[in-house]
Structures are given as C-alpha cells and as structure tokens.
Amino acid sequence: MPTVAKSKKPSVFDPECSARDALELIASKWAILILTALADGPMRNGALLRKVGGVSQKMLTQTLRDLECNGLVARKTLQSVPPHVEYRLTPLGKSLGAALGGLDRWAERNFPRLDAARAQHLARRGS
C-alpha cells in the first residue's frame, strides 16, 4: 500500500513557499500605505493620490493593480459622467489592514529612535 506524503506546514523561511510572494507584495511602503488608507473606507484614485503623499500616479496605479490581482483590493467603476473608479478593501484586504495599522502606528511612534540610532551609527563610522 503506497504511503501518502504529508504536506509540509507552510513556512516563509522555505524558498518554495508562496507565502514569500505574499510578503513581497505587502512589504512595499506603497502597498502598506494604500491598504491602510483604504481601511477608512472606499476611495477614488485622486483621493488616494492626495492621502498617500509622495506616491506617483504610475506607482499608485501599479500597486493598486497588484493588490487587486491578489484579491486585497476591489475596483469599482462608478457610472457617472465622466466615469470614476473607486477602490475598497476586500474582506481579505480588511484582515490584512488590521495588522498593517499596527505597523504604521509602530513606525509613527518609533521613527525618532530609528533616526537617532542611524545618526549615531553614521557618526561612529565617520560618514
């Protein structure tokens, strides 16, 4: 009787695990900021562009497409003249948004300490 191989438990440390693809997708600062911005509710492109300061239209569009392709963001065309597009988190995106909100708050609380550590490190190296 043949034995059935047990499935390995998914691990981000396994180079064959597609969880690494998920990490790569959500690890960009633009993805994190867009997902966090959409946690407040649906937004149109222009509103996202204003909320996520510093993102270019090209990068915003590319990131939204990646997030949509992976089921984190839904795109809805509003029937208006001219037509408008609205983006919102999917249930999967909402589950991720909760985790990312904590990451954003951590960065806001701790950036002065990171900046100070970086300045001390550069001073020690003579840079």
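A nonpolar patch, as the term is used here, joins side chains of Val, Leu, Ile, Met, Phe, Trp or Tyr that lie within 5 Å of one another, each residue having over 30% relative accessible area and no salt bridge. In this predicted model, Val-12, Phe-13 and Leu-23 form such a patch on the surface, and together they have about 310 Å² of accessible area. Phe-13 is found in the segment before α1, the helix of residues 19-26. Because exposed means over 50% relative accessible area, Phe-13 counts as exposed at 72% relative accessibility.

**Overall architecture**

The secondary structure of the protein comes to five helices and three strands, and from the N terminus on the elements run α-α-β-α-α-β-β-α. The radius of gyration is 19 Å, well over the 14 Å that the globule rule gives for 127 residues, so the protein is more spread out than a compact globule. Taken along the principal axes, the box filled by the C-alpha atoms is roughly 70 × 55 × 25 Å. Of the 127 residues, 28% count as buried, and the accessible surface of the protein comes to about 9,300 Å², of which carbon and sulfur atoms account for 58%. Among contacts between residues at least 6 apart in sequence, 41% join residues at least 24 apart.

**The sheet**

The three strands make an open sheet in the order β1-β3-β2, with antiparallel pairing. β1 (43-44) and β2 (73-78) stand at the edges and have a single partner strand each, so one side of each is left without a neighbour in the sheet. The pairing of β2 with β3 (residues 84-89) is antiparallel and runs over six bridges; the two strands form a hairpin, with five residues between them. Within this pairing, Arg-75 has Tyr-87 of β3 as its bridge partner, while Leu-78 stands opposite His-84, also in β3.

**Salt bridges**

Side chains of opposite charge can pair when their charged atoms come close. With a cut-off of 4 Å between a side-chain nitrogen of Lys or Arg and a carboxyl oxygen of Asp or Glu, the count comes to three salt bridges, which are set out in the table.

| Salt bridge | N to O distance |
|---|---|
| Lys-51 and Asp-40 | 3.5 Å |
| Arg-105 and Glu-108 | 2.9 Å |
| Asp-115 and Arg-118 | 3.1 Å |

The salt bridge between Lys-51 and Asp-40 links distant parts of the chain, since Lys-51 lies in helix α3 (residues 45-51) and Asp-40 in the loop between α2 (29-38) and β1, eleven residues apart.

Asp-115 is partly exposed with a relative accessible area of 35%, and Arg-118 is partly exposed with 46%.

Notes: Residues are numbered from 1 along each chain as its sequence is written. This is a predicted model: local features need pLDDT of at least 70, side-chain atom pairs count only at pLDDT 80 or more; totals for chains, interfaces and linings use all residues. Side-chain values use heavy atoms; hydrogens and water are left out. Patches are made of residues with over 30% relative accessible area and no salt bridge: like charges are joined within 9 Å, nonpolar side chains (Val, Leu, Ile, Met, Phe, Trp, Tyr) within 5 Å. Accessible areas come from the Shrake-Rupley method with a 1.4 Å probe; for residues, only the protein chains shown count as cover. Helices (H or I, at least four residues) and strands (E, at least two) are DSSP runs, numbered from the N terminus. Buried means under 20% relative accessible area, exposed over 50%, partly exposed in between (1.4 Å probe, protein chains only). Two strands pair if DSSP finds at least two bridges between them. The radius of gyration is taken over C-alpha atoms; the globule rule is 2.2 Å times the number of residues to the power 0.38. Contact means heavy atoms within 4.5 Å.
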